[in-house]
Amino acid sequence: MTTRDVEPGMAERAATGMDYAGYLQLDQLLSAQQLQSDPPHHDELLFVIIHQSTELWFKLILHELTAALDRVEADELQPAFKILARVKHIQSLLFDQWNVLATLTPSEYTQFRDTLGSSSGFQSVQYRKVEFLLGNRDPQMLAVHAARPAHHAELVSVLERPSLYDAFLAWLARRGLPIPPEVLERDLRQTHTPHDGVRAVFETIYRHPEDHWEAYEMAEKLLDVEEQFSLWRFRHMKVVQRVIGFKRGTGGSSGVRFLRKMVDHVFFPELWDVRTQL
């Protein structure tokens, strides 16, 4: 039988200075799972932890996407490649989390669903920031957060910067590629719409990657993130359908029907369109 003894000095070090629980503020973190069902329903803890951990991963995604945007705007594309690769792996973890939530059966969920009130994942300000950073910039979504002025202000501040895609298009223009002026000069608070001139630029990049290696690599990294996002949306929709069928969402949406509308949304349309042209 293999054993592992506490090595000399380990107990003494744990008793002094910064320890694991203190560094991670575990007392605060692990006390944040306040169940609303009375008596507490066994499966509500699963529901709460899945959504809280999702918000933690969203926080890291925002941290990374903002860093990637900073790099692109500073004409430093290569460091953004690793950042976006990390984001893709975080998204894979978020996708796999749905497998755990899918173990929640309809009869189990209905026993505590009413405790959610009108709360809904659609109200997640961090999710909305991610969408804004990637380019789905629908200003009408600000109204959902009007009741929380601090959240509303945070979202407005994200809209005041270019999306990651718009920053990349501006980088391409600075490198002499013919991104149309009307694309560069448009209101960047709005969602980018497909443009034949942008698609033509990407066709050049993909036909001659050896001449545009950084641009080619960035395009592929963006597609990695988009593909993972689409898979996450689809899995979200199917888990919701599995647990509540076609009931309305707690936040007032049509539920599965509402989620289905976004499954095919694309952030970077020309990066997909160019594949048909090649």
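A residue counts as buried under 20% relative accessible area, as exposed over 50%, and as partly exposed in between, with a 1.4 Å probe and protein chains only. By that scale, Arg 189 is partly exposed at 47%, and so is Asp 187 at 33%. The two form a salt bridge with the closest N and O atoms 3.0 Å apart; the term stands for a side-chain nitrogen of Lys or Arg within 4 Å of a carboxyl oxygen of Asp or Glu.

The model is predicted: local features need pLDDT of at least 70, side-chain atom pairs count only at pLDDT 80 or more, and totals for chains, interfaces and linings use all residues. Residues are numbered from 1 along each chain as its sequence is written, and side-chain values use heavy atoms, with hydrogens and water left out.

The protein chain has 14 helices and zero strands, where helices (H or I, at least four residues) and strands (E, at least two) are DSSP runs numbered from the N terminus. Of its 278 residues, 40% are buried.

The structure contains 14 salt bridges. One of them joins Asp 75 and Arg 174, at 2.8 Å from N to O. This pair links distant parts of the chain, 99 residues apart: Asp 75 sits in the loop between helix H4 (44-73) and helix H5 (77-101), and Arg 174 in helix H9 (residues 164-174). Asp 75 is partly exposed at 33%, as is Arg 174 at 43%.

Glu 217 and Lys 221 pair within helix H12 (residues 213-244), four residues apart, about one turn of the helix. Their closest N and O atoms are 2.5 Å apart, and Lys 221 is buried at 15%. Salt bridges also link Asp 70, Glu 73 and Arg 161 in a network.
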